[in-house]
Amino acid sequence: MRYIWQEWLQSQLEAYQGGFLLTLDSLTQCLNMPDNVFDHHIKLGPSLAHDLNADPQALPVMADSLKASVISLGFDFTETGSILLGEIHRALEPQGNLYVLLSAPNNLWHIKSKMGLSDSRKLVPEQSIGLHRFKDWLSLLGFEIADVDVISCPWWRGFSQFHKKSELSKAWLSVPIAYMIKAQKKVATLNPIKPLEETLSIPLNTKLANVSTKEAS
């Protein structure tokens, strides 16, 4: 699934020309994009491979400043997904895009975990949001769905291979595993960054994003 997601994501991101990209996961670390696609790639997370260690529910990024953001399975492992989505919406500039990898509810991995048949070392999602519920969240915030593709498992091949549903000859017989979603922010943020946060920020570009240096509490 990782490789399908990365291939789809890279094909989407290669069309950009400048701006700032924010990623909140480790599945995007292997993307191989030309240097001139984004002015800066901001990686949020706790490891040394990341640029910022901050609370995703209070992103240290100015409002209306990001060209794109990527979250791989992040909404499946948090109980406050709607808050996280609101922060991403605040940080994206109008017409900015959010790319999300979202698990399908009750997919094969979830069922095996519930039955105790999966590897105990694998993380089990906190919740199953589902595509329809996630679309409702997007709509309430002012996002517009631009593209959705499904990663499916063709049962006639033994449930051992993943493919994009759009490329399967018997797609209607396949089982959804995850959704690859592109959503576009349509309006400017109504609650701009607080003055205190603005004073703590470092300008990355005089016209675009500022990224705060403060640590999450």
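Tutor: Helices here are DSSP runs of H or I with at least four residues, strands are E runs of at least two, and both are numbered from the N terminus. This is a predicted model, where local features need pLDDT of at least 70, side-chain atom pairs count only at pLDDT 80 or more, and totals for chains, interfaces and linings use all residues. Residues are numbered from 1 along each chain as its sequence is written, and side-chain values use heavy atoms, with hydrogens and water left out.

Student: What makes the span of H1 close to the expected one?

Tutor: H1 has twelve residues and reaches 16 Å from its first C-alpha to its last, close to the 16 Å expected at 1.5 Å a residue. Its buried residues are Ile4, Trp5, Gln6, Trp8, Leu9, Gln10, Gln12 and Leu13. Buried means under 20% relative accessible area, exposed over 50%, and partly exposed in between, with a 1.4 Å probe and protein chains only. Among the elements covering those H1 residues are S1, S3, S4 and S7.

Student: Why is the pair of tryptophan 8 and tyrosine 99 called edge-to-face?

Tutor: Rings of Phe, Tyr and Trp (its six-membered ring) pair if their centres lie within 6.5 Å; planes under 30 degrees apart count as stacked, over 60 as edge-to-face and the rest as tilted. Here the centres are 6.3 Å apart and the planes make 75 degrees, so by that rule the pair is edge-to-face. Tryptophan 8 sits in helix H1 and tyrosine 99 in strand S4, 91 residues apart, linking distant parts of the chain. Both residues are buried.

Student: What makes a group of residues a nonpolar core?

Tutor: The residues must be buried Ala, Val, Leu, Ile, Met, Phe, Trp, Tyr or Cys, joined through side-chain atoms within 4.5 Å. The largest such core has 29 residues, and Phe75, Ile88, Leu98 and Phe134 have the most contacts inside it. Elements that each supply at least two of its residues include helix H2, strand S4 and helix H4. A second, separate core of 23 residues includes Ile4, Leu31, Tyr99 and Leu101.

Student: Which residues does isoleucine 88 contact, beyond its neighbours within four places in sequence?

Tutor: They are Leu22, Leu24, Leu59, Ser69, Ile71 and Leu98, with contact meaning heavy atoms within 4.5 Å.

Student: How do you know that lysine 185 and aspartate 64 form a salt bridge?

Tutor: The rule asks for a side-chain nitrogen of Lys or Arg within 4 Å of a carboxyl oxygen of Asp or Glu. Their closest N and O atoms are 2.7 Å apart, so the pair qualifies. Lysine 185 is in strand S7, while aspartate 64 is in the loop between strand S2 and S3, 121 residues apart.

Student: Why is lysine 185 called buried, and aspartate 64 partly exposed?

Tutor: Lysine 185 has a relative accessible area of 0%, so it counts as buried. Aspartate 64 has 26%, and is therefore partly exposed.

Student: How many salt bridges are there by this rule?

Tutor: The count comes to three. Glutamate 93 and lysine 67 meet at 3.1 Å, N to O; glutamate 93, at 14% relative accessibility, counts as buried, and lysine 67, at 26%, as partly exposed. Arginine 90 and glutamate 87 also form a salt bridge, with closest N and O atoms 3.0 Å apart. Those two lie in helix H2, three residues apart, about one turn of the helix, and both are buried.

Student: Why is leucine 140 called exposed?

Tutor: Leucine 140 has 76% relative accessibility, so it counts as exposed. It lies in helix H4.

Student: And what makes glutamate 144 partly exposed?

Tutor: Its relative accessibility is 45%, so partly exposed is the label for glutamate 144. That residue is in strand S5 and touches Lys182, Ala183, Gln184 and Lys186, not counting residues up to four places away in sequence.

Student: Where is confidence lowest, and where is it highest?

Tutor: Helix H5 is lowest, at a mean pLDDT of 43, and S4 highest, at 94; pLDDT is the predictor's confidence in each residue, from 0 to 100. Over residues 193–217 the pLDDT is below 50. Where pLDDT is low, the predicted coordinates should not be read in detail.

Conventions: The expected span of a helix is 1.5 Å times one less than its number of residues.
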